[in-house]
Amino acid sequence: MTIHTDQYSIKALFEQKQTFVVPKYQRGYAWDDEAISDFIEDISECFEARRAGTEKHHFFGGVVTVRKEVGGSTRDNYEVIDGQQRLASFVLLAGSIIKHIKATIAELNGKNSLDDDENKALIYLDETIKKVSQLYLTFRDNKGIEYTDVPKLNLSKADDTFFQEVLAGSVPAEKTRESHNRIVYAWESLCKFVQDKLVHESLSAAEKAMHIQQFLDGVLGKDCTAIFMCSDARPEAYQIFQVLNDRGVHLGKGDLLRAGTLELLDEKKFETTQDKVASQWDAILAYTPKVIDDYLLWYFSSMEGRRPKPVELAEEFLEHRFKCKDQDSVSAQGATTILSEAERLNSSFETLAAINDGDWPCPKDKDVSAWDRERLRMLVTHLKHTNAMPLLLSLTLLKPKHFAEAITCIERFVFRYKTIVNAHVTPMTNAYLRQAKAIRDAPDKYLIKDLRKELTDLIEKHAPDSIFETAVKEIKFSQRGNAYIRYFLITIEDYMKWYESGAQGIPKCKDKSCVFDVNKTTIEHIYSQNAKGTSKDEALDGVKHALGNLTILSPEDNDALANNAPDKKFEAFKKSNLKMNRDIGVNTEWTTDKVNERTATLAKMALKIFVP
């Protein structure tokens, strides 16, 4: 097997390798906002070092390819087996630099006269556009006696047209895939980075040109590197990819930490301590690799109040948690620190496992009801909200009743902020981490009102009443999944008495004796979704899946009502133990106006209930 491996700067990689193509069947652009944030942080640190007159190198991993000849052309085309996200992000970065260079040139051309420095900047920037474009965006190919410009990087079939339009400076309005949204987010984030760091409005034209030169020639030309691996045969390239990504062969982050800590204790005087630490690691590593990685990330974030870079998680643990990075030996105190941290980590894994299953992690308390405990299951298993795990781990340091209060606060917030409005997770995650650290710093002094205040501020900024109310009104029943609708209607029922009593202060469930099992609760169409014969109403058919036509029942009640007409269901609704259904039962007819009116009412209730 012949594999060619070289380490290049990013600039040299694009210089040496003529064009890249992602196989059409590969997944789309997958870097989310956290990955892009990490990418920008890495290149920003390199740039700031350059500005300070020093250098900071960053390794961006490997790029695995298969070399392919292009018929009729002298160029080589490299099929990307692994490394699509890195290559695409650097190309987007180059496109954003070109965009801002053009804007700077336009500003200079709009002036009546230019001084010497501005003239030099204009000449440099004009030439730089061509160089950056030819290096990162297009390749001047010739087939026979004809020259054509071809993209330097082609993404998969589902993304490439969209990707090329974004690079051209025209972001398509229609985004048909999640990968398109991610491309746009990456583009906008990189443009903001270039605007803020390289060509800020406070800088002169010459300073902007100098920043661009430092970034292109220094950061991309020297500081940022990647390993380029190339094979002439696809099976060989996939074999490399499999080996590099096979968790069964290579050590996971937990394995690396186990080896690192036990090695430091490999002295006769630490033999007993080493055995104890090994025992803790045995328990920790009994979880699956994916769970271990998640729990390590959540634990570190909870303890430190910040999210580590996943690729550097082991190193960060050794430095910040075990206090032993880059050490060949430890003192007696250091050995004690390693053991204490391993014990704390193992205990926290047990707590995270309970929380992740929706099980109450706190001691029994007379002030915490079954309804309170079910809120945790609602949050974690039904809303599937794992972003809050670092905060939930910190919250277990509080009294059970305060833990319960925090859970209901987060639960109502996240349904509004993420489930319905789908606001960006980064501000929310950052808020969670700030609160997690505040709890760690002083659990006895921590107040839930601080958490409620920060989450309320996020709602006012990213999920205000106008947006949330509109989104609630647009909720529709779907055959593909309606768990969130069941959750919504259950929560409305839980808080209905509080709402109708004036909805003053923090939302409260006034009757905690009724605890719903979401999995056994079903959604009932008031006007049946399968109405036939005399029960069928063409007007209601158009709104049958609207929120106002939906309610909740036990499975037995749902089966009994079946596809009856609304007027025959009203009698059953009158006898329901749910106030929501008794309110429906007072009707004598069911019309589109009734459905629309109920939709609006539910939306108004949601505005008061779904707040921290």
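The protein chain folds into 25 helices and 10 strands, where helices (H or I, at least four residues) and strands (E, at least two) are DSSP runs numbered from the N terminus. This is a predicted model, in which local features need pLDDT of at least 70, side-chain atom pairs count only at pLDDT 80 or more, and totals for chains, interfaces and linings use all residues. Residues are numbered from 1 along each chain as its sequence is written, and side-chain values use heavy atoms, with hydrogens and water left out.

Along its principal axes, the C-alpha trace spans about 80 × 75 × 55 Å. Of the 612 residues, 50% are buried; that means under 20% relative accessible area, with exposed being over 50% and partly exposed in between (1.4 Å probe, protein chains only). Take the contacts (heavy atoms within 4.5 Å) with a separation of 6 or more: 72% of them come from residues 24 or more positions apart.

Now for a helix pair. The axes of α11 (residues 289-304) and α12 (residues 313-321) come within 11 Å and cross at roughly 40 degrees. Those axes are lines fitted to C-alpha atoms over the stretch in contact, with angles running from 0 to 180 degrees between N-to-C directions. On the α11 side, the contact includes Leu 296, Phe 300 and Glu 304, and among its α12 partners are Phe 317 and Arg 321. By type, the contact residues split into 7 nonpolar, 1 polar and 4 charged.

On to charge pairs: the structure holds 43 salt bridges, each a side-chain nitrogen of Lys or Arg within 4 Å of a carboxyl oxygen of Asp or Glu. Here are some of them.

| Pair | N to O distance |
|---|---|
| Asp 38 and Arg 307 | 3.2 Å |
| Glu 469 and Lys 604 | 3.1 Å |
| Glu 571 and Lys 574 | 3.2 Å |

Asp 38 sits in helix α2 (residues 33-51) and Arg 307 in the loop between α11 and α12, so this bridge links parts of the chain 269 residues apart. Asp 38 is buried at 14% relative accessible area, while Arg 307 is partly exposed at 24%.

Glu 469 in α19 (residues 465-473) and Lys 604 in α25 (residues 592-609) also join distant parts of the chain, 135 residues apart. Glu 469 is buried at 14%, and Lys 604 is partly exposed at 44%.

Glu 571 and Lys 574 both lie in α23 (residues 566-574), 3 residues apart, about one turn of the helix. Glu 571 is partly exposed at 45%, and Lys 574 is partly exposed at 43%.

Key
Ala, Val, Leu, Ile, Met, Phe, Trp, Tyr, Cys and Pro count as nonpolar, Asp, Glu, Lys and Arg as charged, and the others, Gly among them, as polar.
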